[in-house]
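Please look over the structure first.

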Amino acid sequence: MGAVVLGTGSCLPGKVLTNHDLEKIIDTSDEWIRSRTGISTRRISGKGEETYKLAETAARRALVASQVSADEIDLIIVATMSSHMIMPSCACFVQNELGAANAFAYDINAACSGFLFALDSGEKYLCAERDKKILLIGAETLSSRTDWKDRNTCILFGDGAGAVVMEYRDDNCGVVASNLFSDGSLWKLLYMHNAPSYNPDLEQPDNPGAHILMEGREVFKYAVKAMEGAIRELLDRQNIELSAIDLMIPHQANIRILNKLVSRLGIDQEKVFINVQKYGNTSAASIPIALDEANREGRLKRDNLLLICSFGGGFTWGASLLRW
Ligand code: ACO
């Protein structure tokens, strides 16, 4: 049928930052963070745990799980908005670290929806080039893009990476369909500046540096409605009932968004994979990390129908269906 996942991998940095640790640096409390977001801990990169290093380790684990060697990979896509350099891409660093000499490599930035968008691009590549193998990675170190004095945002995010190896198979499994959206008119509700301009004519006087700025309540409202709409439309088009879904892996933004989405959809809570309490919001990495955990926990069996969905800056959002 199409592009199938051969294996998954993930990598989380060693350092755990608890809500109690945050109480010592900003005016907040464990109770406030847990009740508003469901997050208890998040992982924060230390030295040697740059985005591409987390991505490399996640990729190595996915390659081992897939029994595929690095030189068999034809394409590497990394979804990220927090690479340690703008150029070369994070994907080129990963290609070099892996020694994946036969692969071409590039990054995708669709904020928290990056992995979903990369999955769509990867699937279309594999359907056109049926003898190829690809590596899709979501990797972030948002700790390097967070204003640690802004309690509205710094409590939400964490670092990590997840990866999948995929190839085309002429059988019943693989990506069934995706339904992706963007609305650039809403960018001001969630955004991050670049480095300051060296061209005075292009200076942005209000550029406070490359960190996340957000209207939390607005993001919340749009996120729930947008993901619900994308999922319903996708299922309708495929003539699939929600009850046919075996597992749903949403972008792990925060527990209140997820609870609201689950109750509006009416999907059985047991079928929804949630790990936001441990890792916070790891942006483009959250879905492939969750996918790897779900896979290793045996939550995905052959022929299971998997629904993934996401929402992020842009705004960007969407949903995909995969037959495992
Ligand atoms: N600790 C204690 N108090 C805080 C904190 C904090 N960390 N942050 C904000 N507050 C205060 C505010 O200052 C405000 O105080 P005031 O009433 O005296 O002004 C009060 O708490 C309420 O603030 P709100 O922003 O209205 O709080 P809300 O209930 O909306 O929760 C939150 C904020 C958690 C950010 C929520 O809006 C949310 O979940 N939004 C979604 C944002 C999100 O997930 N973004 C991730 C990126 S996009 C994505 O991945 C989908």
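**Domain interface and ligand site**

Asp171 and Arg302 join their side chains in a salt bridge, with N and O 3.7 Å apart. The model is predicted. The protein chain falls into domain 1 (2–171) and domain 2 (175–196 + 205–323).

**Domain packing**

- The centres of domain 1 and domain 2, taken over C-alpha atoms, are 15 Å apart.
- Contact between the domains involves 51 residues of domain 1 and 45 residues of domain 2.
- Together, domain 1 and domain 2 bury about 3,700 Å² between them. Carbon and sulfur atoms account for 63% of that area.
- On the domain 1 side, Cys112, Leu116 and Arg145 lose the most area to domain 2. These three make up 17% of what that side buries.

**Polar links between the domains**

- Between domain 1 and domain 2 the count is 1 salt bridge.
- Polar contacts link 19 residue pairs across domain 1 and domain 2, with both residues at pLDDT 80 or more.
- Several elements of domain 1 give two or more residues to the side that touches domain 2. The helices are α2 (30–37) and α5 (114–128). The strands are β1 (2–11), β3 (41–44), β6 (133–141) and β7 (159–169).
- By class, that side of domain 1 holds 22 nonpolar, 19 polar and 10 charged residues.

**Ligand surroundings**

- There are 23 residues around the ligand. Thr28, Arg36, Arg217, His251 and Asn254 come nearest.
- Thr28 places a polar side-chain atom 2.6 Å from a nitrogen atom of the ligand.
- Trp32 also has a polar side-chain atom by a ligand nitrogen atom, at 3.5 Å.

**Salt bridges**

- The salt-bridge count comes to 16.
- Why are Lys53 and Glu56 separated by about one helical turn? Both sit in helix α3 (residues 51–66), and they are about one turn apart because 3 residues separate them along that helix.

Key
Residues are numbered from 1 along each chain as its sequence is written. This is a predicted model: local features need pLDDT of at least 70, side-chain atom pairs count only at pLDDT 80 or more; totals for chains, interfaces and linings use all residues. Side-chain values use heavy atoms; hydrogens and water are left out. Domain bounds come from an automatic or database domain assignment. Contact means heavy atoms within 4.5 Å. Buried area is the accessible area (1.4 Å probe) that two parts lose on being put together, summed over both. A salt bridge is a side-chain nitrogen of Lys or Arg within 4 Å of a carboxyl oxygen of Asp or Glu. A polar contact is a pair of N or O atoms within 3.5 Å; within protein, one must be able to donate a hydrogen and the other to accept it, and residues adjacent in sequence count only if both atoms are side-chain atoms. Helices (H or I, at least four residues) and strands (E, at least two) are DSSP runs, numbered from the N terminus. Ala, Val, Leu, Ile, Met, Phe, Trp, Tyr, Cys and Pro count as nonpolar, Asp, Glu, Lys and Arg as charged, and the others, Gly among them, as polar. A residue is near a molecule or strand if one of its heavy atoms lies within 4 Å of it.
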